[in-house]
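User: Could you walk me through this model before I set anything up with it? I'll ask as I go.

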Amino acid sequence: MLLEVAELAVDLPTPQGWHRVVDRTSFSLAEGESLGVVGESGSGKTMTALALMALTPESARVSGSIRFEERELVGLGEEGMRQLRGDRIAMVFQEPMTALNPLHRVGAQVAEPLKLHRGLARSDARRRAVELLEHVRLAEPERAARSYPFALSGGERQRAMIAMAIGCSPRLIIADEPTTALDVTVQARILALIDGLRAESRMAILLVSHDLAVIAGHCDRVMVMYAGVIMESGPVDVVLRQPRNPYTLALLEARPRPDAPRGARLATIPGAPPLTYDHRPGCPFAGRCALTIDRCWSTPPPEVGFGPNHLSRCHRAEEVGDR
Amino acid sequence: MSEPPLVEASSLVKTYRLPGVGPFGRKSARPALAGVSFVIRRGRSFGIVGESGSGKSTLARIVLALDRPDSGAVRLEGRSLFDLPRRELRAARAHMQMVFQDPYGSLDPRQRVEKIVAEPLAALVGTGRAERRARVKDALEAVGLKASDALKHPHEFSGGQRQRIAIARAVITRPKLVVADEPVSALDVSVQAQALNLMSDLEREAGVTFLLISHDLAVVAHICETTAVMYRGRIVEIGRTEDLFARPAHPYTRELVDATPRLDRPTRVAPLAPAEGGAPPSDGCPYAERCPFARARCREQAPTLDVMAEGDRRVACWFPLT
């Protein structure tokens with residue numbers, strides 16, 4: 001297994017004490033596989049992704065185990081992580097402007113990991129950078145390499161960041177909302193590019209998104225997170241067709257459907273996600289969930305299995321109906 | 001005589017001058033709107049879709065008279081907004097309100113909800129304190145908040161509740177038109193559903209007509225009877241929303257429909273455009289450089305927005321798809 005995460009927890013300090021944003025999550029990712037992580041704000045999906053790269057805030061407390069290519073990453077230290085980042089694991093962020101240095105030319109930035117991890121000479125790295133920009137199908141790669149980030153469009157910048165990410169042939173790419181800031185037509189092309197790169201190099205992808213439909217089209221498996229907890233996980237087509245967790249079902253039913261009659265009532269989820277983690281013993285979705293019973297408040301929900309690799313964390317998982 | 005439409009925009013043109021790139025770069029002029037006309041009828045919400053740079057937000061500002069077009073006119077119930085004396089424009093503005101995308105940035109954090117929501121009432125003459133308070137209460141209740149919420153500050157609310165405060169502010173003058181620019185795209189799915197239900201209710205019960213700008217076709221389809229698709233400052237297709245998305249006639253509409261992620265089928269990706277952003281439009285169709293169906297005529301002559309056989313659909317394409 002390329003990546004095995006077990007009981008990963010992330011706590012952040014707040015004036016009221018430690019605030020658990022990722023709560024003992026376990027999952028794994030095989031070579032060439034694509035796993036989607038979906039959730040609303042505060043679900044812990046981004047913090048899970050950052051923990052894999054050891055990019056959580058310095059004050060955060062990370063516990064549990066992250067095994068990547070047989071190495072334990074929790075407690076590896078900054079020096080060890082620096083050797084992995086941009087080489088074996090790379091990250092693509094939502095807003096390339098925050099990840100690209102505005103003062104350096106795009107080509108030099110794409111060349112940087114090649115010099116750092118592969119020891120390429122400056123001129124070789126530059127040449128390889130232009131090839132990479134061409135590989136991510138940027139029109140006029142030579143011109144793009146000479147440009148500063150601000151001179152590129154949003155879609156072009158995202159392509160440049162992907163070129164930088166794939167330079168050293170990483171085995172895992174973590175993409176956090178990589179297309180959320182882009183127009184739908186550009187989004188579709190960037191996601192198709194990522195699909196193509198995965199198919200040709202067998203790298204694994206962890207795709208974090210708030211949009212179930214994006215994950216539906218581009219991932220093999222999905223995990224649905226809520227308040228730091230993985231509520232449901234399984235093969236994408238199974239989870240979307242036959243969710244076994246009330247939260248997944250609620251997310252699916254709240255979406256406006258393009259073919260529904262105009263003005264049709266959308267199902268809503270009463271209340272709002274918990275803003276701060278409270279140390280209730282039960283299910284984090286208790287109270288907002290239509291199926292809430294006394295047990296949901298008092299006892300953590302068990303993980304119930306349905307078919308191969310399909311898990312739901314719910315006391316009443318068996319009752320969540322077919323769609 | 002039939003009553004005039006709620007909004008009638010005719011031949012709107014607006015060009016922004018851009019500073020050149022670099023210290024010696026030449027200034028360039030970018031047409032944000034290159035002749036846009038449409039009609040919004042009361043009670044029939046109108047959607048505008050298109051990508052960034054299509055001119056949709058410029059159009060919203062001009063319809064609200066927050067910006068003036070270089071040429072063309074906007075009529076609100078038959079009266080030309082840009083010919084009104086200042087005082088009458090101020091009164092007309094009370095009938096048109098705006099909801100922005102960002103429920104965090106658009107509410108002043110230092111003010112109480114009461115003051116924020118009551119702000120548009122200033123444009124109406126003679127609303128006393130008692131009436132103001134009653135209207136704030138009504139507006140908050142209309143959006144599903146409590147009257148007691150009037151005394152709180154924005155930070156005490158979640159994102160979805162803040163967007164409801166913004167909507168309460170937009171409807172407090174009982175406006176005829178609310179222009180909503182990406183009103184739900186910053187919201188989580190579960191909260192977005194509440195805001196969309198609220199917009200449907202306001203249309204049905206409070207007689208509000210929305211001009212809804214969104215990149216999300218499903219959101220537009222949920223609220224709007226008619227939708228216009230914009231590309232580079234022009235309307236390229238307009239018609240009944242459901243027909244438009246079920247059977248796009250313009251290749252760009254089809255590209256948008258195909259690119260929209262859906263749960264029930266994979267997205268279809270158009271072949272890669274030569275360059276995103278790309279070259280400035282020439283004499284021909286502005287979409288020709290990206291269009292997989294473009295022929296010689298498309299590069300020579302720009303098509304006009306013509307009525308199609310099926311009636312209220314119009315499309316600016318020499319070779320429509322349906």
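Analyst: One term before we start: two strands are said to pair if DSSP finds at least two bridges between them. Please also keep in mind that this is a predicted model.

User: Fine. Which residue is the bridge partner of Tyr231(B) in E10(B)?

Analyst: The partner of Tyr231(B) in E10(B) is Arg234(B). The two strands concerned, E9(B) and E10(B), the latter covering residues 234–240, pair in the antiparallel sense over 6 bridges. Their hairpin has 2 residues between the strands, and in it Arg232(B) takes a positive phi near 45°.

User: And what does E3(B) do with E9(B), parallel or antiparallel?

Analyst: Strand E3 of chain B, residues 46–49, runs parallel to E9(B), and 4 bridges join them.

User: Is E9(B) buried or exposed?

Analyst: Strand E9 of chain B, residues 226–231, is mostly covered, with 6 of its 6 residues buried. Thr226(B), Ala228(B) and Met230(B) point one way from the strand, while Thr227(B), Val229(B) and Tyr231(B) point the other way, and all of these are buried.

User: What is the strand order in the sheet that holds E9(B)?

Analyst: The sheet is an open one of 8 strands in chain B, ordered E6-E7-E8-E3-E9-E10-E12-E11, and its pairing is mixed. Its edge strands are E6(B), residues 96–99, and E11(B), residues 306–307, each of which pairs on one side only. At the E6(B) end, the pairing with strand E7 of chain B, residues 177–181, is parallel over 4 bridges, and there Val99(B) has Ala180(B) as its bridge partner in E7(B).

User: Switching to packing. How many residues does the largest nonpolar core have?

Analyst: The largest nonpolar core has 184 residues, and those with the most contacts inside it are Leu133(A), Ala160(A), Leu206(A), Val117(B) and Ala168(B). Helix H6 of chain B, residues 189–205, gives the most to this core, with 8 residues.

User: What does Leu133(A) touch?

Analyst: Leaving aside residues up to four places away in sequence, Leu133(A) touches Val110(A), Leu138(A), Pro141(A), Ala144(A), Ala145(A), Ala160(A) and Ala163(A). Ala160(A) is also among the core residues with the most contacts inside the core.

User: How many residues does each chain put into the contact between A and B?

Analyst: Chain A contributes 39 residues and chain B contributes 37 residues. On the chain A side, helices H7 (154–166), H8 (184–201), H9 (212–218) and H11 (246–254) each supply at least two residues, with H8(A) giving the most, 7 residues. By type, the chain A side divides into 20 nonpolar, 9 polar and 10 charged residues.

User: What ipTM does the predictor give the complex?

Analyst: The predictor gives an ipTM of 0.86 and a pTM of 0.88 for the complex. For chain B, the mean pLDDT is 86, and 90% of its residues reach 70 or more. Over residues 274–278 of chain B, however, the pLDDT is below 50, although this stretch has 10 contacts in the model beyond near neighbours in sequence. Where pLDDT is low, the predicted coordinates should not be read in detail.

User: What about chain A overall, and why would you say its radius of gyration agrees with a compact globule?

Analyst: A compact globule of 323 residues would have a radius of gyration near 20 Å, and chain A has 21 Å, so the two agree. Along the principal axes, the C-alpha atoms of chain A fill a box of roughly 65 × 50 × 40 Å. Chain A has 12 helices and 12 strands, whereas chain B has 10 helices and 12 strands. Buried residues make up 49% of the 323 residues in chain A, and 45% of the 322 residues in chain B count as buried.

User: Last one: why does Gly321(A) count as exposed?

Analyst: Gly321(A) counts as exposed because it has 9 C-beta neighbours inside 10 Å, and the cut-off for exposed is 12 or fewer. Gly321(A) lies in the segment after strand E12 (311–313) of chain A. Its C-alpha atom is separated by 9.2 Å from that of Asn245(A), which is 76 residues apart from Gly321(A) along the chain.

Terms used
Residues are numbered from 1 along each chain as its sequence is written. Chains are lettered from A and ligands numbered from 1 in the order in which they are written. This is a predicted model: local features need pLDDT of at least 70, side-chain atom pairs count only at pLDDT 80 or more; totals for chains, interfaces and linings use all residues. A nonpolar core is a set of buried Ala, Val, Leu, Ile, Met, Phe, Trp, Tyr and Cys residues joined through C-beta atoms within 7 Å. A residue is buried if 20 or more other C-beta atoms lie within 10 Å of its own, exposed if 12 or fewer, and partly exposed in between; C-beta atoms are placed from the backbone. Two residues are in contact if their C-beta atoms, placed from the backbone, lie within 7 Å. Ala, Val, Leu, Ile, Met, Phe, Trp, Tyr, Cys and Pro count as nonpolar, Asp, Glu, Lys and Arg as charged, and the others, Gly among them, as polar. pLDDT is the predictor's confidence in each residue, from 0 to 100. The radius of gyration is taken over C-alpha atoms; the globule rule is 2.2 Å times the number of residues to the power 0.38.
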